[in-house]
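Reader: Before we begin, could you take me through the local geometry and the helix packing of this model, one feature at a time?

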Amino acid sequence: MEILHVSAECYPMAKAGGLGDVVGALPKYQTKAGHYAKVVMPMYRTKFLYSNEWAVDYKGVAFLGGARFEFTIIKEKTNKLGFDLYLVDIPGLLDREKIYGYQDDTERFISFQIAVLTWVNQWSHQPDIIHVHDYHAGFIPFMLKNCFAFSKLAMVKSVLTIHNAQYQGVIGWDKYYLLPEYDSFKWGDLDWNNAINPLASAVKCAWSVTTVSQSYMNELRFHSNGLEKLFEYEKGKCRGILNGIDNEVWNPETDNYLDHNFSVKTVTAGKKKNKKKLCNLFGLDEHLPLFVFIGRLVGEKAADILPGAFLNVLHHQAGKASFLVLGSGDKAVEARLSAIMHQYPQHYYCVIGYDEALSHKMYASADFLLMPSRVEPCGLNQMYALRYGTVPMVRSTGGLQDTVTDMGEYEGFGIRFNHASEGDIAHAIYRATQVYQSKTHFEWMRKYMMQIDHSWERSVDEYMQVYL
Ligand code: ADP
Ligand code: GLC
């Protein structure tokens with residue numbers, strides 16, 4: 001089967017979060033399973049672009065509204081990612097350093113999608129599946145079905161994977177002219193609540209819809225930022241498929257970012273050495289249980305309640321735990337998290353920014369990883385934590401509840417709580433410090449969770465069933 005993935009992110013070319021990890025791994029494992037999977041994404045000006053070799057695959061012309069634009073598609077020469085990676089360059093729109101956050105993101109991602117279909121439209125054959133990810137590629141199912149310019153592709157099956165339904169890319173109807181000419185009777189396929197909504201449109205028009213865990217699929221019918229009725233109506237073609245993790249990238253035995261590699265057998269000594277190095281770097285006490293948070297500092301991740309929860313524990317359970325935070329996002333949260341460093345320098349450190357290498361060191365060194373997310377469609381951090389012998393502490397929601405069991409249950413290996421509140425986090429930390437004392441139980445939990453299989457092979461099979 002030939003599968004073309006269309007996405008705004010793909011690791012290691014460009015990653016802002018888990019979407020990048022998934023699009024960098026799923027095609028690789030589809031290829032290993034004997035299929036022909038490719039990825040097409042915008043040509044941002046990233047380090048990966050400049051440090052690899054590319055060949056021009058296609059040069060074309062298209063229109064965004066009335067404006068003509070030229071685009072070029074280049075292909076990575078060596079297949080080093082385990083699949084063919086194509087980049088779309090549109091001068092003036094996609095030639096930027098960052099992935100998101102520009103005022104003209106609407107124009108950037110619509111022109112990207114138009115360029116992709118213009119390119120596919122002139123192939124001598126058709127792909128079996130066009131697999132689009134999130135709203136940035138969400139106009140493609142509509143365009144395939146309804147735009148006159150792409151009528152040749154009308155029978156190509158499109159699959160939408162929703163990684164996060166909070167972001168929908170809504171635009172006013174005044175921007176309708178940006179899309180290539182379409183069958184005007186079909187305007188309703190673009191509309192949700194009197195606006196153009198690319199995510200809603202993709203849910204309506206895609207041949208099949210998946211999201212990244214079964215629990216999140218169920219939640220969408222009750223909480224999906226206004227799309228609840230749509231998910232209820234379309235539930236027949238929707239399915240939850242849990243993400244996997246790339247065990248080649250995330251392997252504590254071979255991970256080049258780590259100071260000391262370790263396996264299930266050597267986990268206790270290995271983690272201890274990594275922790276010592278990391279704690280020394282940030283002036284933390286290596287003998288205390290180390291709690292880490294890694295992620296986007298936004299409301300979905302409940303980052304706003306972290307400062308209060310940390311202060312609560314640092315005041316009331318003084319000297320019982322150390323904390324290390326890595327993340328960026330909301331400026332007010334960044335400031336509050338940074339301020340704690342001055343109050344508790346030996347027990348707390350916070351790095352504001354994005355640092356892939358440090359994140360790997362943290363998964364390897366930490367005793368506990370905190371994820372109090374309000375919304376978590378799948379969550380990859382907790383699965384990386386499991387693989388690196390770090391106990392996940394998660395709110396029972398979405399993919400977190402599908403991947404973590406509570407240590408109070410039979411063969412439970414993590415810590416779960418119900419509310420994204422300072423009290424629940426403080427209580428969970430209290431439970432963690434207790435189990436940390438019980439060395440035999442703690443070691444059993446580590447070894448048990450490191451052996452849980454979250455590899456992509458299982459999910460690849462499920463995607464194949466969706467494609468058929
Ligand atoms: P989301 O995609 O919602 O941000 P996920 O749990 O699916 O959440 O994936 C987050 C990914 O981004 C993980 O690979 C995590 O390690 C990484 N990540 C998040 N924030 C940072 C950061 N500040 N520095 C390095 N890696 C980060
Ligand atoms: C999104 C979700 C996250 C998920 C990731 C990859 O960013 O917020 O929960 O793991 O996509 O699917």
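Predicted model: local features only at pLDDT ≥ 70, side-chain atom pairs only at ≥ 80, totals over all residues.

Reader: Where does Ala302 lie, and what is its phi?

Author: Ala302 belongs to the loop between β12 and α9 (306-316). Although Ala302 is a residue other than glycine, its phi is positive, with a value near 60°.

Reader: Is Asn194, which also has a positive phi, buried or exposed?

Author: Asn194, found in the loop between β8 (191-192) and β9 (195-196), is not a glycine and yet has a positive phi of about 65°. Its relative accessibility is 67%, and because the cut-off for exposure is over 50%, Asn194 counts as exposed.

Reader: Which two residues are joined by a cis peptide bond?

Author: The second residue of the pair sits in the loop between β1 (2-6) and α1. Omega is about 5° for this bond, and the residues it joins are Tyr11 and Pro12.

Reader: How are α9 and helix α10 oriented relative to each other, parallel or perpendicular?

Author: The axes of α9 and α10 (residues 331-343) are 9 Å apart and the helices pack at an angle of about 20°, while α9 passes α10 in a right-handed crossing. Because angles under 35 degrees count as roughly parallel, α9 and α10 are described as roughly parallel to each other.

Reader: Which residues make the contact of α9 with α10, and how do they divide by class?

Author: From α9 the contact draws on Leu306, Pro307, Gly308, Phe310, Leu311 and Leu314, and from α10 on Arg336, Leu337, Ile340 and Gln343. Sorted by class, the residues of the contact of α9 with α10 are seven nonpolar, two polar and one charged.

Reader: How are α1 and α16 oriented relative to each other, parallel or perpendicular?

Author: Helix α1 (residues 18-32) packs on helix α16 (residues 456-467) at an angle of about 80°, and their axes are 9 Å apart. Because the range from 65 to 115 degrees counts as roughly perpendicular, α1 is roughly perpendicular to α16.

Reader: What residues make that contact of α1 with α16, and how do they divide by class?

Author: On the side of α1 the contact involves Val22, Ala25, Leu26, Tyr29 and Gln30, and on the side of α16 it involves Trp456, Glu457, Val460, Tyr463, Met464 and Tyr467. The residues of the contact of α1 with α16 comprise nine nonpolar, one polar and one charged.

Reader: Why is helix α11 described as largely enclosed by the rest of the structure?

Author: The buried residues of α11 are Glu356, Leu358, Ser359, His360, Met362, Tyr363, Ala364 and Ser365, and they pack against α8 (267-282), β12 (290-297), β13 (322-329), β14 (348-352), β15 (368-371) and α12 (381-387). The helix spans residues 356-365, and it is largely enclosed because eight of its ten residues are buried.

Reader: Which residue caps the N-terminal end of α11?

Author: A side-chain oxygen of the capping residue lies 3.2 Å from the backbone nitrogen of Ala357, and the residue that supplies this oxygen is Asp355.

Reader: What is the handedness of the crossing of α8 and α11, and which residues make the contact?

Author: The axes of α8 and α11 come within 8 Å and cross at roughly 125°, so the two helices are oblique to each other. Their crossing is left-handed. The contact is made by Lys271, Asn274, Lys275, Leu278 and Phe282 of α8 together with Leu358, Lys361, Met362, Tyr363, Ala364 and Ser365 of α11.

Reader: Is Asn52 buried or exposed, and which residue's backbone oxygen lies 2.8 Å from a polar atom of its side chain?

Author: Asn52 lies in the loop between α2 (47-50) and β3 (54-64), and its relative accessible area of 13% makes it buried. The backbone oxygen that lies 2.8 Å from a polar atom of the side chain of Asn52 belongs to Phe48.

Reader: Which residues is Glu253 in contact with, leaving aside its neighbours within four places in sequence?

Author: Glu253 is located in the loop between β11 (238-240) and α8, and at 51% relative accessibility it counts as exposed. Its C-alpha is 9.0 Å from that of Val264, eleven residues apart in sequence. With neighbours within four places in sequence left aside, the residues in contact with Glu253 are Asn261, Phe262 and Ser263.

How values were computed
Residues numbered from 1 in each chain as written. Chains lettered and ligands numbered in written order. Heavy atoms only, no water. Buried < 20%, exposed > 50% of the residue type's maximum accessible area, 1.4 Å probe, protein only. Helix = DSSP H or I, 4+ residues; strand = E, 2+ residues; numbered from the N terminus. Contact = heavy atoms within 4.5 Å. Polar contact = N/O pair within 3.5 Å; in protein donor to acceptor, adjacent residues only side chain to side chain. Axes fitted to C-alpha atoms, helices over the stretch in contact; angles between N-to-C directions. Parallel < 35°, antiparallel > 145°, perpendicular 65-115°, else oblique. Left-handed = near helix turned anticlockwise from the far one by under 90°. Nonpolar A, V, L, I, M, F, W, Y, C, P; charged D, E, K, R; others polar.
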